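My notes are below, in the order I made them.

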Amino acid sequence: MTVLDPTLFAPLSKSIIRDAMSADCYQQLDDVLIFDSVTSTNDQLWQRLEQGLNSPAVCLSEHQTAGRGRRGDQWQSPPAGNLYLSLFWPFPANTLQNGLSIAIGIGLINTLKAHGIKDLQLKWPNDILVNRHKLAGILVESRYGNQQNIVIGVGLNFKLPTATRDKIQQPTTSLQQLCTDVPCRNQLAGHLIQNMIETLTLFQARGLQDFVPLWSQYDALHDTAIQLFSDDATITVKAQGIDENGALRYEHQNQIHTLSHSHVSIRFAS
Ligand code: BTN
């Protein structure tokens, strides 16, 4: 069992999270699970599904022993007062999910902005950056059965101990570095969950159409030279926003191409 030092940060609190949400939204959740330590909050929700529980639920933990990022990366998850949060959401079987990651990223950035965090940008598909340093990451996982089951995991850095920062292969930042008044973690968690539920509801009804026009104001890659790394090649291209399905548009050898899956790793070329 992880021993948490409560003098370092206020522990996760179900009641503060609930009070930060509208009653309508909170009531849509069948479970709000809070742990000191788990392998991964995404895993907890998949295990809940394996037990036959397929209703909306959230899971938060102070610490993850096997936090996952995209493309099989690890997500460093020390017990330092960061946010490790996952939401399980069942979609009807025929709901298209193209671009869901984009919608969630825009929703999260709007919530962080409302908490006074400035200069936020999105690096396709949904890394949340400030000045090219990663503040938060989003992992959308899906499994299909009678319904389309989605788990959306959000990792948001409040505080990165040096030992953790040294293990991360890319420039990172935290709310402690960015803000003089760091937002209350529980309230922010409640607002993020509320926003995710609202985003999913809008996305289910209308797809990506309400989100695509918002992308350009946050696009960290716009008109920028980037490198695309796949298993067999690395190419340098120029990013050109997203298309109506949320795919990345890029220019290569005077032609526009699109990239719709996030298995390719993207880096700034300079
Ligand atoms: C990424 O940028 O690569 C995505 C990172 C997602 C991390 C979060 S932390 C909560 C949830 N549980 C996990 O194991 N991963 C996600």
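Entry 1: I began with Arg 68. One of its backbone N or O atoms lies 2.7 Å from a nitrogen atom of the ligand. I kept in mind that this is a predicted model. Next I looked up Arg 70. Here a backbone N or O atom is 2.7 Å from an oxygen atom of the ligand. Then I turned to Thr 41. This time the side chain takes part: an N or O atom of it is 3.1 Å from a nitrogen atom of the ligand.

**Entry 2: cover.** How much of the ligand does the protein bury? I noted that the ligand taken alone exposes 420 Å². The protein buries 98% of that area. I also looked up where the ligand sits, and the place is the largest pocket.

**Entry 3: the shell.** Which elements give two or more residues to the shell around the ligand? I wrote down helix 3 (41-50), strand 3 (83-91), strand 6 (133-144) and strand 7 (148-156). Strand 6 gives the largest share, with four residues. In total, 20 residues surround the ligand. The closest are Ser 40, Gln 64, Arg 68, Arg 70 and Lys 134. I then sorted the shell by class. It has six nonpolar, 10 polar and four charged residues.

**Entry 4: the whole chain.** I stepped back from the ligand. The chain has eight helices and 12 strands. Along its principal axes, the C-alpha trace spans about 55 × 45 × 35 Å. I also looked up the radius of gyration, which is 18 Å. Why does this value agree with a compact globule? It agrees because a compact globule of 270 residues would have a radius of gyration near 18 Å.

**Entry 5: backbone details.** A cis peptide bond joins Trp 124 and Pro 125. Its omega is about 0 degrees. Where is Pro 125 placed? I found Pro 125 in the loop between strand 4 (120-123) and strand 5 (127-130).

Asp 119 was my last stop. Its phi is positive, about 60 degrees, although Asp 119 is not a glycine. Asp 119 is in the loop between helix 4 (100-114) and strand 4.

Conventions: Residues numbered from 1 in each chain as written. Predicted model: local features only at pLDDT ≥ 70, side-chain atom pairs only at ≥ 80, totals over all residues. Heavy atoms only, no water. Near = heavy atom within 4 Å. Polar contact = N/O pair within 3.5 Å; in protein donor to acceptor, adjacent residues only side chain to side chain. Areas by Shrake-Rupley, 256 points an atom, 1.4 Å probe, with all protein chains shown as cover. 1 Å grid on protein atoms, 1.4 Å probe; cavity = no way out; pocket = protein on both sides within 12 Å on 5 of 7 lines; lining within 4 Å. Sits in = over half its atoms within 2 Å of the grid points. Nonpolar A, V, L, I, M, F, W, Y, C, P; charged D, E, K, R; others polar. Rg over C-alpha atoms; globule rule 2.2 N^0.38 Å.
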